[in-house]
Amino acid sequence: MNFEGGIKMAVSNINAIINKDIHKVWDIVFAVEKYSEWRSDLSKTEIINEKQFIEYTKDGYATTFSITTIEPYKRCLLYTSPSPRDTR
């Protein structure tokens, strides 16, 4: 993806099949405040509002996630951007 000035942005598309109850998986994925309990790369998360949150790596890099599409128990699309709260 190219932006103004020729800046390129990395694009990631991750799909997975998880053979577990969709309601339990969905609840875990949307429990943003608990990410650092099972994500070893994160130091913390911060919920901005119902459609935005920030992940902080252990190195202090902050990434803002914005939910752009949500179909409960089917799919969720996120847009990411560097956070102005980056602590590096």
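The report below takes up the sheet, then the aromatic pairs, and then the pocket.

The coordinates come from a predicted model, and the values that follow were computed from it.

**The sheet**

Four strands make up an open sheet, arranged in the order β1-β2-β3-β4 and paired in the antiparallel sense. The edges of this sheet are formed by β1 and β4, each of which pairs on one side only. From one strand to the next, the twist averages 25 degrees. The table gives the number of bridges for the strand pairs.

| Strand pair | Sense | Bridges |
|---|---|---|
| β1 and β2 | antiparallel | six bridges |
| β2 and β3 | antiparallel | five bridges |
| β3 and β4 | antiparallel | eight bridges |

Asparagine 49 stands opposite glutamine 52 of β2, while tyrosine 56 has alanine 62, in β3, as its bridge partner. Further along the sheet, threonine 69 is placed opposite leucine 77 of β4.

Two of the connections are described as hairpins. Between β2 and β3 the hairpin leaves four residues, and glycine 60 in its turn has a positive phi of about 90 degrees. The hairpin of β3 and β4 has three residues between the strands, and here the turn residue with a positive phi, of about 65 degrees, is tyrosine 73.

**Aromatic pairs**

How many aromatic pairs does a search of the whole structure find? The search gives five aromatic pairs. In one of them, the ring centres of tyrosine 35 and phenylalanine 53 lie 6.0 Å apart with the planes at 85 degrees, and the pair is therefore edge-to-face. Because tyrosine 35 belongs to helix α2 and phenylalanine 53 to strand β2, this pair ties together parts that are 18 residues apart in sequence. Both tyrosine 35 and phenylalanine 53 are buried.

Phenylalanine 53 also takes part in a pair with phenylalanine 65, where the ring centres are 5.0 Å apart and the planes are at 5 degrees, so this pair is stacked. Since phenylalanine 53 lies in strand β2 and phenylalanine 65 in strand β3, the contact ties together parts that are 12 residues apart in sequence. Like phenylalanine 53, phenylalanine 65 is buried.

**The largest pocket**

Rolling a probe the size of a water molecule over the atoms shows where empty space is left. The largest pocket has a volume of about 1,800 Å³. Its lining comprises 41 residues, and those that lie nearest its centre are Ile14, Val29, Cys76, Leu77 and Leu78. Leu77 is also the residue that stands opposite threonine 69 in the sheet.

Both helices and strands contribute to this lining: α1 (22-29), α2 (35-38), β1 (42-49), β2 (52-57), β3 (62-71) and β4 (75-82) each supply at least two residues. Which of these elements gives the most to the lining of the largest pocket? That element is β4, with eight residues, and β4 is also one of the edge strands of the sheet. Sorted by class, the lining of the largest pocket contains 27 nonpolar, eight polar and six charged residues.

Key. Residues numbered from 1 in each chain as written. Predicted model: local features only at pLDDT ≥ 70, side-chain atom pairs only at ≥ 80, totals over all residues. Heavy atoms only, no water. 1 Å grid on protein atoms, 1.4 Å probe; cavity = no way out; pocket = protein on both sides within 12 Å on 5 of 7 lines; lining within 4 Å. Points joined across faces, edges and corners; volume = space filled by probe spheres on them. Nonpolar A, V, L, I, M, F, W, Y, C, P; charged D, E, K, R; others polar. Pairing = 2+ DSSP bridges. Axes fitted to C-alpha atoms, helices over the stretch in contact; angles between N-to-C directions. Phe/Tyr/Trp six-rings, centres within 6.5 Å; stacked < 30°, edge-to-face > 60°. Buried < 20%, exposed > 50% of the residue type's maximum accessible area, 1.4 Å probe, protein only.
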